[in-house]
Amino acid sequence: MTAARGRFITLEGGEGTGKSTQARILAAALETRGVKVRVTREPGGSPLAEKVREVLLSGLAQPLGPQGEAALFAAARADHVRETIAPALAAGTWVICDRFTDSTRVYQGAVGKADPRLLRALDRVSVADTVPDLTLVLDVPPEIGLARAAARGKGAAADRFEREGVEYHAAIRAAFLSLAEAEPERCVVIDAGGDVDSVAARILSAVTTRLPLPAVAGAPA
Ligand code: T5A
C-alpha cells in the first residue's frame, strides 16, 4: 500500500522572527503525535543547494541584481524540491521548511522589484506542484527580529541580507503581511512576539486547526 502524501508546511517571515527555532519545536510536537517529520531550510536543504546558499548569503551574487539572485534561489530550490522535499512527501513524511518560494516573492519580488513574470516562470520550473499546504508567516517588528538575529550571531559577520537597514526590513515585513492577506486559504500570520513557548503554542494551534493529524493509537490529542 502506498503511503498518503505527507503535508508540506513552510515558515516565512523576516530575519530573527524565530523560524528556525519554531521549525524544530513544531517538528518535535508533531513527532510526539505520531507524525514523521523532516525539517529543512532554504536557501539550502540539499547538498548542491547548500553550496548555492554560501554564494547567496556571502553577497557574491549581489551584483547580479534581484533577478539574477532570484534565478539562483530558484536553481537551489529546484534541487531542494527534487532531492529532499518531494521524496519525503511521497513517502508520507511531513516536511517543515524554513523559508520557501514566498521569500523570493518578497525579497526579490515585492521589495527587490524583480519582474513578477520571471518569478512565476521560475516557480513553474522549481516548485511545479510542490506547493505548501500551509504557510506560517511569523511576524514581529523588524527592530525585534534584527536584535534577536544579532544577539544570536554575536561575533559573526551579518549576512548579505542582514546588512540591509531597518527600512528595508520594514518593507519585507509589510510584503509578507500583504502576501498572507492575499492567500488566506494557505497562509496564517502568527504573532511571533513574546517568549518562544507562547509562539510555539500559537503555531501548534494553527497547524492542528488547518491540517488534520493522522490518527495514531496512544498519541496525545
Ligand atoms: N532569502 C531567502 C531571499 O532573499 N530569497 C529567498 O528566496 C530565500 C529562500 C536567508 C536569507 O536569504 C534571504 C532571506 C534571508 O535574509 P538565513 O540565515 O536562513 O538567511 O536567515 P533567516 O531565515 O532570517 O534566519 P534567522 O536565523 O536570522 O532567523 P529565524 O530563523 O527566523 O530566527 P531563529 O529561530 O534563528 O532565532 C534567532 C534568535 O532569536 C532567538 C533564537 O534563540 C535565536 O538566538 N529567538 C527568540 N528570542 C526571544 N523570543 C523568541 N520568541 C525567540 N525566538 C527565537
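Arginine 99 counts as buried, at 12% relative accessibility (buried is under 20% relative accessible area, exposed over 50% and partly exposed in between, with a 1.4 Å probe and protein chains only). This is a predicted model, in which local features need pLDDT of at least 70 and side-chain atom pairs count only at pLDDT 80 or more, while totals for chains, interfaces and linings use all residues. Residues are numbered from 1 along each chain as its sequence is written, and side-chain values use heavy atoms, with hydrogens and water left out. The largest pocket has a volume of about 1,000 Å³, the structure holds 2 cavities of 30 Å³ or more, and a search for disulfides finds 0.

**Backbone**

- Arginine 99 has a positive phi of about 80° although it is not a glycine, and it is found in the loop between strand 3 (94-98) and helix 4 (helices, H or I of at least four residues, and strands, E of at least two, are DSSP runs numbered from the N terminus).
- Lysine 113 sits in the loop between helix 4 and helix 5 and counts as exposed, at 66% relative accessibility.
- The peptide bond from glutamate 42 to proline 43 is cis, with omega near -10°.
- Proline 43 belongs to the loop between strand 2 and helix 2.

**Cysteines**

- A search of the whole structure finds 0 disulfides (a disulfide is a pair of cysteine sulfur atoms within 2.5 Å).
- Cysteine 97 is in no disulfide, and the nearest cysteine sulfur, that of cysteine 187, is 14 Å away.
- For cysteine 187, the 14 Å to the sulfur of cysteine 97 is too far for a bond.
- Cysteine 97 is buried at 0% relative accessibility, and cysteine 187 is buried with a relative accessible area of 5%.

- The largest pocket has a volume of about 1,000 Å³ (on a 1 Å grid over the protein atoms alone, a pocket is an open set of points with protein on both sides within 12 Å along at least five of seven lines, a cavity is a set where a 1.4 Å probe fits but cannot get out, and lining residues have an atom within 4 Å of a point).
- Of the 42 residues lining the largest pocket, Glu15, Gly16, Ser20, Arg152 and Glu162 are the closest to its centre.
- Elements giving two or more residues to this lining include helix 1 (19-32), strand 2 (37-41), helix 3 (65-90) and helix 8 (196-210).
- Helix 6 gives the most to the lining of the largest pocket, with 5 residues.
- The lining of the largest pocket has 15 nonpolar, 14 polar and 13 charged residues (Ala, Val, Leu, Ile, Met, Phe, Trp, Tyr, Cys and Pro count as nonpolar, Asp, Glu, Lys and Arg as charged, and the others, Gly among them, as polar).
- The second largest pocket holds about 170 Å³ of space (a volume is the space filled by probe spheres set on grid points, which are joined across faces, edges and corners).
- Among the 14 residues lining the second largest pocket, Thr101, Arg105, Asp123, Val127 and Val131 are the closest to its centre.
- The lining of the second largest pocket has 5 nonpolar, 2 polar and 7 charged residues.

- Aspartate 123 is in helix 5 and counts as buried, at 16% relative accessibility.
- Leaving out residues up to four places away in sequence, aspartate 123 touches Thr101, Arg105 and Ala128 (contact means heavy atoms within 4.5 Å).
- Thr101, Arg105 and Asp123 are also among the residues lining the second largest cavity, which holds about 40 Å³ of space.
- Helix 5 gives the most to the lining of this cavity, with 4 residues.

- The buried residues of helix 6 are Pro142, Gly145, Leu146 and Ala149.
- These residues lie on the same side of helix 6, because they cover an arc of only 95° around the axis (the arc is that of the directions from the helix axis to the C-beta atoms).
- Helix 7 (166-182) is included in what covers them.
- The largest cavity holds about 110 Å³ of space, and of its 16 lining residues Gly14, Thr17, Val140, His169 and Arg173 lie nearest its centre.
- Helix 7 gives the most to the lining of the largest cavity, with 4 residues.
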